[in-house]
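I opened the structure and kept short notes on what I looked up. The entries follow in the order of the topics.

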Amino acid sequence: MSQWERLMQLPAAFTQQLHGLYDREALPMEVRHYLAAWIESQQWQRATVDYNLAMVLFQALLENLDIQYSRFVQDKSVLMQHNFRRYKQNFQSYLENPQCLANTFAWFLEKEKGILENADLAEQVQDLQVEHGCVETSTQRDLDRRMAGLKYDVQCMEHTMVCLEEQQDEFDFKYQTYLKEAPTTSNAADPLQAKFQFLINKLNDSRKNTLYGLHKLLDRAEELIDALVNKEMVQWQRRQQKSCIGAPERVDLDQLEKWFTCAAECLFQVCEFLSKLEELAGKLSYDNDPLKSNKPFLQRRTIKLLTDLLKSSFVVENQPSMPQGKGPLVLRTGVQFPVKTRLLVKFPELNHSMKVTISMDRDAPQIKGYRHFNVLGTTSKDLNMSENGNGGMVAEFRHLTLKEQKSNGGGKGTSDISLSVTEELHILYFNTTFKLKGLSVGLQATSLPVVIISNSSQQQSAWASVLWFNMLSQDTKDVTFFANSPAATWPQFGEMLSWQFLFAERGLNDAQLEMIAHRLFGKQQSYENFSITWSKFSKENSPETFWVWFDSIVVMVETYLKNLWRDGLIMGFVTKCKEKMLLKKKQQGTFLIRFSESVIGGITFSWVEIGTNGDPEVKTIQPFTKKDLSQIPFHEIVRHFLILKEVPQNPLLYLYPDIPKDEAFGKYYANKNGNDSPYLKYIKTSLVFVLKGDTLAAVPDGEVPQPMNGLSEEDAGQLRDSPDPDLDNCHDPLLCDHPISISEEDLLYPSNANHFFDSDIFVDELHSVL
């Protein structure tokens, strides 16, 4: 890229410096612009001490000003004609001292270099100050500069084509006039013959230079298209894969659309240049004409570049996704889903002229039992600019459904591969034809592989397949991926697990990930080199696989605990042993909230108390599940939790490490009771947790609990038969069942109430009251 081209692409601050430099009359900015290539190719610094060279450059400058003046005459640009006539007169004042002129040009070029160096330095400083996520911005700026350079080359070539046509027309006019006026007998010594030979040689050189310029222009275009097709689009597709499984990735297509459209416009202009060369060759040709020998090769190369660009420009912008599903790429038969395609080459003349059709599983694998589906709904739509807010060329299918094809005993196949329903991967195909300016190219876009289920109970397993595939595979057409699925490294796997919580704007931290790794691999110094297989993740024979446990937690958080998780009030993933280690170092009443390790979709809290011997003791409540949380918000459970002793106490005082409970949860408290409470709609008294030692009481609001008789022998025997697996190995547990509602009748006849048992290892009598 020339120095002047780089100057034209500088940020506004440095462009202002350039304008300040060219406020001087010594070198008008217009002269610098139109004669940029010639000015930068001369040895101005040497001419400052070489009179003869300075004089040659002075004369060459005047000649170039004349040439540029003649072009303005052809373009009928009166203003520029006036300016350049005046500029030439000003420069003629250097006739007696051409070295002074050389010094002027050398000074301006040196100042320009200083501006460029300052701009480069500022960019380097900015790059050092940004995080890794902003590296793409640097790449974007580089592509913007290169794209601007390509456009500049095309503009220069357009001017070259005009000059070439003018040169040929001038020669043709003079030669045809000569033929009409020349004598019929040839005279080898005719001086006009030699003159025309000189002109045709000069025209031949111009044609060669034009062809060379086109070769260089296509070289630059090829580099850019390679960067767009093989780098930018590949990276975008990978970002889209990761975005589908929760990663915070940029998948906006507007910038890619600008680049693709610009590159396509430039290549179509090259096609017009080649057509013009063919026209010129048709008017005037001769032996060894470079246009005839080079033009076909340039034509083929241009068409290939355009075809490669166009085939990569048709993409699926929004992947198939069911409303209210677990995530994209899980579809259910009979349930409508939308999907949107987009053409990144945006030409207004193509609006509503390209029809997109949809089909499925064109290259289905030959696997026995592999299902096949028909796509129902409106399966053909026009690409148009009205369905997208930013005017992109899109075709959006909004109401598609899938129906399984009937087959006797499943699909036939020669492969022995066995895949479950949720391991089957299917692909949607979108086809259209690009037709413009005589070019016709068939385009195809494909969806990411989808998993198709027939009932909602398969959603959890299907989503596991989507996560696993898009975490590990970049071959988006590998529908037999699960026939031999690779293992995931712990760094890959941990990152994917963290993404599942980003719906609440808070992923998993290192300590939480370490707890999960400990659960999977046991206690290790480092987990970097460990990996997990697909079967261990989601296919083990046990109904309670790792994925079932983890996904149940995600669902619980998303449904009931989103705000608490976002604010960091839930520690979540922490082992019981580490929980005790953390709490025993804290003051009495410090508590933390964690997910149960053995109760699927369970959450509990533990707190520290000072025992009678003065040692800290950690107490743990039986986990709450979605059944409990659907009745009472978890923050209200924490707020009203009481131990019924002589004086009822809430043992939860400080959220770990030392945040006062009301300060941590206060903004979520509800000041409603009785009939006004949304979760006590049909209860006139409070919901009550009751746990007895030797007493049991249901306590309405505002009353002090009174001693009552204990459990009947029958009740106690029934409850002891239901131990809590989450607390089997936990010392000093405090066990609590689910919240119960106590009516006035229950208060009069306490034997009708639901009772909670007391464990032999209880230190104190416990009643939790809401």
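**Overall make-up**

I counted secondary structure elements and got 23 helices and 19 strands in the chain. The model is a predicted one. I then looked up burial: the chain has 770 residues, and 48% of them count as buried.

**Cysteines**

How many disulfides does the chain have? I found zero, the cut-off being 2.5 Å between a pair of cysteine sulfur atoms. I looked up the exposure of two cysteines as well. Cysteine 156 has a relative accessible area of 31%, so I logged it as partly exposed. Cysteine 163 comes out at 18%, and I logged cysteine 163 as buried because the limit is under 20%.

**Helices α6 and α7**

I took helix α6, residues 51-75, together with helix α7, residues 78-91. Their axes come within 9 Å and cross at roughly 170 degrees. The crossing of α6 past α7 is left-handed.

I listed the residues where the two helices meet. The α6 side includes Phe58, Leu61, Leu62, Leu65, Tyr69, Phe72 and Val73. Asp66 and Gln68 of α6 also take part. On the α7 side I have Met80, Gln81, Phe84, Arg85, Lys88 and Phe91. As a reminder to myself, an α-helix has 3.6 residues a turn, so residues three or four places apart point the same way.

**Helices α13 and α14**

I next looked up helix α13, residues 459-472, against α14. The two pack at an angle of about 130 degrees, and their axes are 11 Å apart. That angle makes α13 oblique to α14. I noted a right-handed crossing where α13 passes α14. From α13, Leu467, Trp468, Met471 and Leu472 meet Gln492, Phe493 and Met496 of α14.

The buried residues of α14 are Trp490, Phe493, Gly494, Met496, Leu497, Ser498 and Trp499. Of these, Phe493 and Met496 are among the residues that meet α13.

**Arginine 220**

I located arginine 220 in helix α10, which covers residues 191-244. Which residues does arginine 220 contact, leaving aside neighbours within four places in sequence? I got Met1, Glu5, Arg146, Gly149, Leu150 and Asp153. I checked the distance to leucine 150: the C-alpha atoms are 6.7 Å apart in space, while arginine 220 and leucine 150 are 70 residues apart in sequence.

**Glycine 589**

Where is glycine 589 found? I placed it in the loop between α18 (576-583) and β13 (590-595). Is it buried or exposed? Glycine 589 has 1% relative accessibility, so I logged it as buried. Not counting residues up to four places away in sequence, glycine 589 touches Val608, Pro651, Leu652, Leu653 and Tyr654. For leucine 653 I recorded a C-alpha to C-alpha distance of 4.7 Å from glycine 589, at a sequence separation of 64 residues.

Methods: Residues are numbered from 1 along each chain as its sequence is written. This is a predicted model: local features need pLDDT of at least 70, side-chain atom pairs count only at pLDDT 80 or more; totals for chains, interfaces and linings use all residues. Side-chain values use heavy atoms; hydrogens and water are left out. Helices (H or I, at least four residues) and strands (E, at least two) are DSSP runs, numbered from the N terminus. Buried means under 20% relative accessible area, exposed over 50%, partly exposed in between (1.4 Å probe, protein chains only). Axes are lines fitted to C-alpha atoms, for helices over the stretch in contact, and angles run from 0 to 180 degrees between N-to-C directions. Angles under 35 degrees count as roughly parallel, over 145 as roughly antiparallel, 65 to 115 as roughly perpendicular and the rest as oblique. A crossing is left-handed if the near helix is turned anticlockwise from the far one by less than a right angle, and right-handed if clockwise. Contact means heavy atoms within 4.5 Å.
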